[in-house]
Amino acid sequence: MRNNYKNKIISVAITVILCLSFSFSVSAQNSKAASQNILSGTIVSPRFTSIIYSYNNLTLNSGGKFTCAGKTEVQEGYDATVEVELQQHIDGSWTTIKSWQASDTAYAYVMKNKYVAKGYSYRLKTTHQAKKNGKIDETSVKYSDVIKY
């Protein structure tokens, strides 16, 4: 009788362990599947198809000189355009104080310097476009971090 009791306890313990490990396994698989769906959704349906790279950078150098840079790269068969706008925060709104543009096949790049007045906040706005046969296919707008000078 004692041996039978011991076997029942061992059987119950093994059953509990198996149930717990199964529930952890299912939970981990569901979590992994959700992660894969998120990742595959990002990979399968990209946000842009003709713009493959867009870049924007605003750097404050000594003496109030900003270096403003923007670059757009596009898929083969498209023309790239980048418009770089240096904006100043005045009276609660952003005003473009200087802008530059570049267009070319494959990629367009702008890097220019501009001296600014002290006591304001500045940011860079870049508009990236991919064109095919003169028509705009995609547009992306990026803003740099705000820099106070």
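Q: Which residue in β7 is the bridge partner of Thr127?
A: In this predicted model, local features need pLDDT of at least 70 and side-chain atom pairs count only at pLDDT 80 or more, whereas totals for chains, interfaces and linings use all residues. Residues are numbered from 1 along each chain as its sequence is written, and side-chain values use heavy atoms, with hydrogens and water left out. Strands β6 and β7 (residues 135-143) run antiparallel and are joined by eight bridges, where strands are DSSP runs of E of at least two residues, numbered from the N terminus, and two strands pair if DSSP finds at least two bridges between them. Within this pairing, the partner of Thr127 in β7 is Val141.

Q: Which residue takes a positive phi in the hairpin of β6 and β7?
A: The hairpin has two residues between its strands. A positive phi, near 55 degrees, is taken there by Asn133.

Q: Over how many bridges does β3 pair with β6?
A: Ala80 stands opposite Ala130 in β6. The pairing of β3 (residues 79-90) with β6 is antiparallel, and its number of bridges is 10.

Q: How many of the 12 residues of β6 are buried?
A: Buried means under 20% relative accessible area, exposed over 50%, and partly exposed in between, with a 1.4 Å probe and protein chains only. Tyr122, at 0% relative accessibility, counts as buried. Strand β6 is largely enclosed by the rest of the structure, because the number of its 12 residues that are buried is 10.

Q: Why is the pair of Tyr53 and Tyr55 stacked?
A: The structure holds two aromatic pairs, and rings of Phe, Tyr and Trp (its six-membered ring) pair if their centres lie within 6.5 Å, with planes under 30 degrees apart counting as stacked, over 60 as edge-to-face and the rest as tilted. The ring centres of Tyr53 and Tyr55 are 6.5 Å apart, and the pair is stacked because the angle between their planes is 10 degrees.

Q: At what angle are the ring planes of Phe66 and Tyr122?
A: The ring centres of Phe66 and Tyr122 are 5.2 Å apart. The pair links distant parts of the chain, with Phe66 in strand β2 (residues 65-74) and Tyr122 in strand β6 (residues 121-132), 56 residues apart. Phe66 is buried, with a relative accessible area of 0%. The pair is tilted because its planes are at 55 degrees.

Q: Over the ring of which residue does the charged end of Lys132 sit?
A: A charge sits over a ring if NZ of Lys or CZ of Arg is within 6 Å of the ring centre and within 35 degrees of the ring normal. The charged end of Lys132 is 4.7 Å from the centre of the ring in question, that of Tyr78.

Note on methods. Helices (H or I, at least four residues) and strands (E, at least two) are DSSP runs, numbered from the N terminus.
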